[in-house]
Structure formats: structure tokens, C-alpha cells
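Work through the following exercises with the model open beside the text. Each task is followed by a solution that goes step by step.

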Amino acid sequence: MVKRNYEYQHYTDDVVTNRDQHFMLPADYQWVHHGLGYRFLSAIVYYLGFIIGGIYCKYGLHVKIKNREILRPYRQQGYFIYGNHTQPQGDVFAPMHALHKHLYYIASPANLGVPWIGKLLPIGGALPIPDNLRQMRAFMQAIRWHIAQHHTILIYPEAHVWPYYTKIRPFMAAAFHYPIELNVPSFCITTTYQKRRYGTKPQITLYVDGPFWPDEKLPPKQRQQKLCHQIQQCMQDRAQQYNNYEYVHYQKK
């Protein structure tokens, strides 16, 4: 049973928007806060998100996670995780439960425009993408700092959320320059959808794969392209093998 239909022209279309879709970061926006008060608040917000999100994912979205044990040997180092963007809220909460440490994630500034929740996202771990080149230096310094602190950073290279989409859309290759520059491993989490015995909403199963390492035999640009292709191919294989239920139908105009 298909719940609804979406029409699109391009894979970069926003099929889900919020009231303040064009929210812009302040010129003096800070990506890293070193104050003890802020860090304490961040831990509380993340912990509450972990608990509430866990309940939502288990009973509201019916999420299961497979192969998460491959992440355990990498708890003491920084790395990147890539995923397909198919759940407006679930893509924030579900990956938390695949990890064994605090997760940070690169997000569109539009997410900060969501009423109430938007203001909490940076405190919990969101790293909004800069609006201009002037802010890019501070943003990249934040990425380097988090990796040096052995943190995990989640990236959705499809950029836009398409709810319950069962294929892998084209990736933004620029999203793969971070692990190339910092020479750290990458993983991927592929969200797939299966028919449940009862109810119309699908079972959601996340598959964790990796690690994928930069190929140091290649020039940086080719390393980036190879890493992008490897992760995209892995996720396409997972999506093709394990998606068996279309809850939302997408039709090109």
C-alpha cells in the first residue's frame, strides 16, 4: 500500500520543506564551543535525543540495525559515516543507535529554521554548512577539530531528504573530500524498507558497511572520486538487495 506520491524534476529537488527553509547562519556563527557549560548542555540534549529518539525509532519507525559491530574497533578514532537521506527525523536519531559514542552530523542551515527543534540541533551535534566562502574556513577548522577529538561525523551526500525513497540518488562528490584531506576511514549506513506482517508502515533496516580508506596511490581528486564511487556502489547494492516495499511513490514530472 502506497501512502502518498511525490513528483520531482531533479534529484536535487526539495520534496520536504519547513517554514523557514531559507534560514541563513549569522555572520559570526560558531561551530565549536569549548565552554564547560555549553558542553554539559550539549551532553544533556544529546542524551535526551538518544532516549526519545530510540523510543521513536523502535516503536514509531520500526528500525533495526545490522552489522553495527564493525564500528566497535574504531571507537577511539575519528571517522566519517555516509547515509542515504530518507527520514526527516529518523535520519537524526537512528544513526545514534548504531554508534557507541556521540555523533555529529553535517546539516543544511534550513534545519536550524525548524521551530523549537532547530535551535537545539547545533547543541546536540549539528554542524550546519556555511552560507558563504568567508565562513568555510571556520567550518573546516571545526571538522578537523572533531576528527582530532576522535568524534564521528555523519554526512548525507544526497543533500535533500526524500521520505521512504528506496533507491540511492546521485551523490555530491564534494562531500567526500573530508576523509581524503584528513586521511581517516569512512563507513556507510544504508536505510532500507521491508514489508511488515502487520500495518502499512514498513520495517526499516539499516545496514552498516566499511571501513573505506582513501587510496593513497591516487592523486587527491581521484581518491575522492574513488571513495565516492565505492560507497555509492555499496549502498546501491544494499538498497537493491533489501528494499522490497514501496511506501511512498516517486514520479518524475
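Predicted model: local features only at pLDDT ≥ 70, side-chain atom pairs only at ≥ 80, totals over all residues.

Residues are numbered from 1 along each chain as its sequence is written, and side-chain values use heavy atoms, with hydrogens and water left out.

**Exercise 1.** Find where in the protein the confidence is lowest and where it is highest.

*Solution.* Start from pLDDT, the predictor's confidence in each residue, from 0 to 100. The protein averages 91, and 97% of the residues score at least 70. Helices (H or I, at least four residues) and strands (E, at least two) are DSSP runs, numbered from the N terminus. Among these, helix α3 (residues 117-124) has the lowest confidence, with a mean of 85, whereas strand β7 (residues 186-194) has the highest, at 98.

**Exercise 2.** Work out the order of the strands in the open sheet and name the edge strands.

*Solution.* Two strands pair if DSSP finds at least two bridges between them. On that basis, seven strands make up an open sheet with mixed pairing, in the order β2-β8-β7-β3-β6-β4-β5. Its edge strands, each of which pairs on one side only, are β2 (63-66) and β5 (126-128). Within the sheet, β4 (residues 103-107) and β6 (residues 152-155) pair in the parallel sense over three bridges, and Leu103 stands opposite Thr152 in β6.

**Exercise 3.** Describe what α3 packs against and what the side chain of His102 reaches.

*Solution.* Buried means under 20% relative accessible area, exposed over 50%, and partly exposed in between (1.4 Å probe, protein chains only). The buried residues of α3 are Gly118, Leu121, Pro122, Ile123 and Gly124, and they pack against α1 (36-60), β4 and β5, where contact means heavy atoms within 4.5 Å. His102 lies in the loop between α2 (90-93) and β4, and its side chain reaches the backbone oxygen of Gly124 at 3.0 Å. Gly125, which follows α3, has a positive phi near 140 degrees.

**Exercise 4.** Is His62, which has a positive phi, buried or exposed?

*Solution.* His62 is not a glycine, yet its phi is positive, at about 60 degrees. The residue is placed in the loop between α1 and β2, and with a relative accessible area of 18%, His62 is buried. Asn67, in the loop between β2 and β3 (79-83), also has a positive phi, near 70 degrees, but counts as partly exposed at 27% relative accessibility.

Methods:
Polar contact = N/O pair within 3.5 Å; in protein donor to acceptor, adjacent residues only side chain to side chain.
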